[in-house]
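Student: I have a structure to study and would like to go through it by question and answer. Can we begin?

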Amino acid sequence: MTNLCPCGSKNSYADCCGLIHRSGAGFGTTAESLMRARYSAYVMEDRPFILSSWHPDTRPGTVTFSPQQEWLGLEILATERGGPLDSEGSVEFIARFRHDGDYFELHELSTFERVDGNWLYATGGDPD
Ligand SMILES: [Zn+2]
């Protein structure tokens with residue numbers, strides 16, 4: 001049985017976000033692939049990956065994971081630029097999770113910047 005990637009791509013983790021998590025050189029070729037890899041890193045509580053793929057200008061000191069929080073899925077709604085030839089891009093998504101038995105949807109527009117060839121997560125905000 002293959003281990004499906006938490007990002008919902010229907011590919012195996014090893015061939016999807018696992019490739020990006022293991023890669024020492026770069027965080028994916030597109031903003032969307034980094035967005036997916038960051039979601040999977042939250043699911044897997046991979047703090048080093050989350051922090052290292054965060055733009056230094058906006059990176060927090062650390063991230064914390066709540067044991068009461070269960071991630072349920074990621075849905076990419078739209079992407080703008082963020083391709084192999086771009087230097088910035090944005091991804092609008094919904095991440096669904098349960099926390100303490102309640103259901104939540106995080107609807108966010110994230111922006112990404114490419115620094116020294118690597119996509120980095122820059123900002124996240126309300127899409128409206
Ligand atoms: Zn994935």
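This is a predicted model: local features need pLDDT of at least 70, side-chain atom pairs count only at pLDDT 80 or more; totals for chains, interfaces and linings use all residues.

Tutor: Residues are numbered from 1 along each chain as its sequence is written, and side-chain values use heavy atoms, with hydrogens and water left out.

Student: Which residues are the protein donors of the zinc ion?
Tutor: Donors are N, O and S atoms within 2.8 Å of the metal (3.2 Å for Na, K and Ca); water is not among the atoms, so sites may look incomplete. Here the donor atoms are SG atoms, 2.2 to 2.4 Å from the zinc ion. In sequence they follow the spacing C-x1-C-x8-C-C. The donor residues are Cys5, Cys7, Cys16 and Cys17.

Student: What is the arrangement of the four donor atoms around the zinc ion?
Tutor: Four donors count as tetrahedral if all angles lie between 85 and 135 degrees. The four donor atoms here subtend angles of 102 to 118°. Therefore the arrangement is tetrahedral.

Student: Is Cys7 buried or exposed?
Tutor: Buried means under 20% relative accessible area, exposed over 50%, and partly exposed in between (1.4 Å probe, protein chains only). Cys5 is at 6%, so Cys5 counts as buried. Cys7 has 1% relative accessibility, so Cys7 counts as buried.

Student: How many disulfides are found in the whole structure?
Tutor: A disulfide is a pair of cysteine sulfur atoms within 2.5 Å. A search of the whole structure gives a count of zero.

Student: Which residue in β4 is the bridge partner of Phe112?
Tutor: Two strands pair if DSSP finds at least two bridges between them. β3 (residues 102–115) and β4 run antiparallel and are joined by seven bridges. In β4, the partner of Phe112 is Tyr121.

Student: Which residue in β2 stands opposite Ile76?
Tutor: β1 (residues 69–81) pairs with β2 in the antiparallel sense, over 11 bridges. Their hairpin has six residues between the strands, and Gly82 takes a positive phi near 75° there. Opposite Ile76 stands Phe93.

Student: What is the relative accessible area of Ser90?
Tutor: Ser90 is found in strand β2. Contact means heavy atoms within 4.5 Å. Leaving aside neighbours within four places in sequence, Ser90 is in contact with residues including Ala78, Thr79 and Leu109. Ser90 is buried, with a relative accessible area of 14%.

Student: What is the phi of Asp100?
Tutor: Asp100 lies in the loop between β2 and β3. Asp100 is exposed, at 57% relative accessible area. Its phi is a positive value in a residue other than glycine, near 55°.

Notes: Four donors count as tetrahedral if all angles lie between 85 and 135 degrees; four count as square planar and six as octahedral if opposite donors are over 155 degrees apart and all others between 65 and 115; anything else is irregular. Helices (H or I, at least four residues) and strands (E, at least two) are DSSP runs, numbered from the N terminus.
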